[in-house]
Amino acid sequence: MKVHVTDHPLIAHKLTVLRDERTDSPTFRRLVEELVTLLAYEATRNVRTRPVSITTPVTQTTGIKMADPRPVVVPILRAGLGMLEGMSKLIPTAEVGFLGMVRDEKTLQASTYANRLPDDLSGRHIFVLDPMLATGGTLISAFHYLINLGANDITAICILSAPEGIAAVEKEFASSNVPITIVTGALDEKLNEHGYIVPGLGDAGDRLYGVV
Ligand code: URA
């Protein structure tokens, strides 16, 4: 498994505003969108391409375009939905699937409550959107679900990650032959006893959409 922790002053600046408890929901949503576009730039570095011939106003040349089949972007509901717009800006032609996962706040176990995905994901580059990689439970369940549908190239984009979560995902898929990459805006210090990332930003879903 590859883990890429971004190192860019613009990302660090936006993350700092995002973490601040005084940042309101509209600003939080806009920052998440901007951050995802920046993280997605890194996450799509190995997106599959094909050579194409084009004619410019001056001459003929060869360029590259994204190869078919198009990638599939999978936001994990509900907080991952806040990342979709930022990703779609970068790859507007990607297909979008949805995976609804909820974690039990006592056991911290994740379970699937909804999904809308193509039946066969083989040959597709999958981009999973989940803002907080905390215990790793949600991503582990999501990756198993996607691999069962044939996914064989998965990249997760997370705004923040905890070392415990990265270690758990790494351990779970250590012997998997599916290439897995995690691109994250920051690797925080630890998880607290409630499974929250420290220093973190609190509950990403609540901060995006309010407490419902
Ligand atoms: N989910 C969140 O929204 N925040 C955390 O800190 C951990 C999991």
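A polar contact is a pair of N or O atoms within 3.5 Å; within protein, one must be able to donate a hydrogen and the other to accept it, and residues adjacent in sequence count only if both atoms are side-chain atoms. The model is predicted, so local features need pLDDT of at least 70 and side-chain atom pairs count only at pLDDT 80 or more, while totals for chains, interfaces and linings use all residues. Residues are numbered from 1 along each chain as its sequence is written, and side-chain values use heavy atoms, with hydrogens and water left out.

**The ligand and its surroundings**

- A nitrogen atom of the ligand lies 2.7 Å from a backbone N or O atom of Gly-202.

**Cis peptide bonds**

- Most peptide bonds are trans.
- The bond from Asp-68 to Pro-69, however, is cis, with omega near -5°, and Pro-69 is placed in the loop between strand E3 (60-66) and strand E4 (72-77).
- The bond from Val-198 to Pro-199 is also cis, with omega near 0°, and Pro-199 is found in the loop between strand E13 (197-198) and helix H6 (204-209).
- Helices (H or I, at least four residues) and strands (E, at least two) are DSSP runs, numbered from the N terminus.
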